[in-house]
Protein chains: 2
Amino acid sequence: MKFESQLLKGIAPVVVLEILSRGPMYGYELSQAIEQRSGDILTLGKGTLYPLLYNLEAKKLVKGKWENNQSSRKRRYYSITSKGKGQLAKQKAQLRELTAGLNLVFGGALTPA
Amino acid sequence: MKFESQLLKGIAPVVVLEILSRGPMYGYELSQAIEQRSGDILTLGKGTLYPLLYNLEAKKLVKGKWENNQSSRKRRYYSITSKGKGQLAKQKAQLRELTAGLNLVFGGALTPA
DNA sequence: ATTGCATAGTTTGCATAACATAATATGTTA
DNA sequence: TAACATATTATGTTATGCAAACTATGCAAT
């Protein structure tokens, strides 16, 4: 699907960026936040999430920082960059388009309420 | 995304099954129908569509049949099987769940109208 | 103490999706 | 006959999503 499938593949990144846009988080926390904020519908396994974070960091869409809290393990906190915010806006717009297209194809049967 | 990403990868198949559920079509026709019925938002390249059709046929979700129209080329018409209809229903339900989850994460920003 | 559990992160390797691209072939139109 | 739209097949690349194994640490119960 032309640009839409890039979007589809990109759905995990967008979700991550969206959640990080509300504040920094570390990987493990993120994986739980995704579940919680999606009503337990979306789940990212660590085998997906961590490599994804490395990839987002390499693209400078997020930035990671090790933090040594006393009385807890070392954690790598990720925060969204300004470049990441731009990307998020773009991808959200595409996601809107995609769901619009799907609704056309499926006759609106996807958003019942 | 647990079962959701299977879904995501499966978005092209669902679209194809949905359109075939309204009547048989051949590949080239399908690729155009997808564009038209999605308001030019969704596009499947032939490098994606044909292999997908072979795959769906191998899974017995669709069934292909060569037809020799006079005054036109040989075309392979695909129709959805009863197994395919069952699969379509399942995947539509998952698609509904997915969009629901996305709407939760994005605060409903995906279905503006 | 040590066992077990939840947390936290890394890495490897697999299956497959989506795609571009090229090759092949045919009917229609200029 | 050249160009174009139609129609299908095939090849190779890239990247995703994932499971699973591995390393580590803090905490709680026994």
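Lys60(B) sits in the loop that joins helix H4 (46–58) to strand E2 (62–68) of chain B, where helices (H or I, at least four residues) and strands (E, at least two) are DSSP runs numbered from the N terminus. This is a predicted model, in which local features need pLDDT of at least 70 and side-chain atom pairs count only at pLDDT 80 or more, while totals for chains, interfaces and linings use all residues. Residues are numbered from 1 along each chain as its sequence is written, and chains are lettered from A in the order in which they are written.

Now look at the backbone here. Most residues other than glycine have a negative phi. Lys60(B), however, has a positive phi, near 65°. Lys60(B) is exposed because 12 other C-beta atoms lie within 10 Å; the cut-offs are 20 or more such neighbours for buried, 12 or fewer for exposed, and partly exposed in between, with C-beta atoms placed from the backbone.

Turn to chain A, and Lys60(A) lies in the loop between helix H4 (46–58) and strand E2 (62–68) of that chain. Its phi is positive too, about 65°, although Lys60(A) is not a glycine. With 12 C-beta neighbours inside 10 Å, Lys60(A) counts as exposed.

Next comes the interface. Here 30 residues of chain A are in contact with 30 residues of chain B, contact being C-beta atoms, placed from the backbone, that lie within 7 Å. On the chain A side, helix H1 (2–9), helix H2 (11–20) and helix H5 (82–105) each supply at least two residues. H5(A) gives the most, with 10 residues. By type, this side of chain A divides into 17 nonpolar, six polar and seven charged residues; Ala, Val, Leu, Ile, Met, Phe, Trp, Tyr, Cys and Pro count as nonpolar, Asp, Glu, Lys and Arg as charged, and the others, Gly among them, as polar.

Key:
Contact = placed C-beta atoms within 7 Å.
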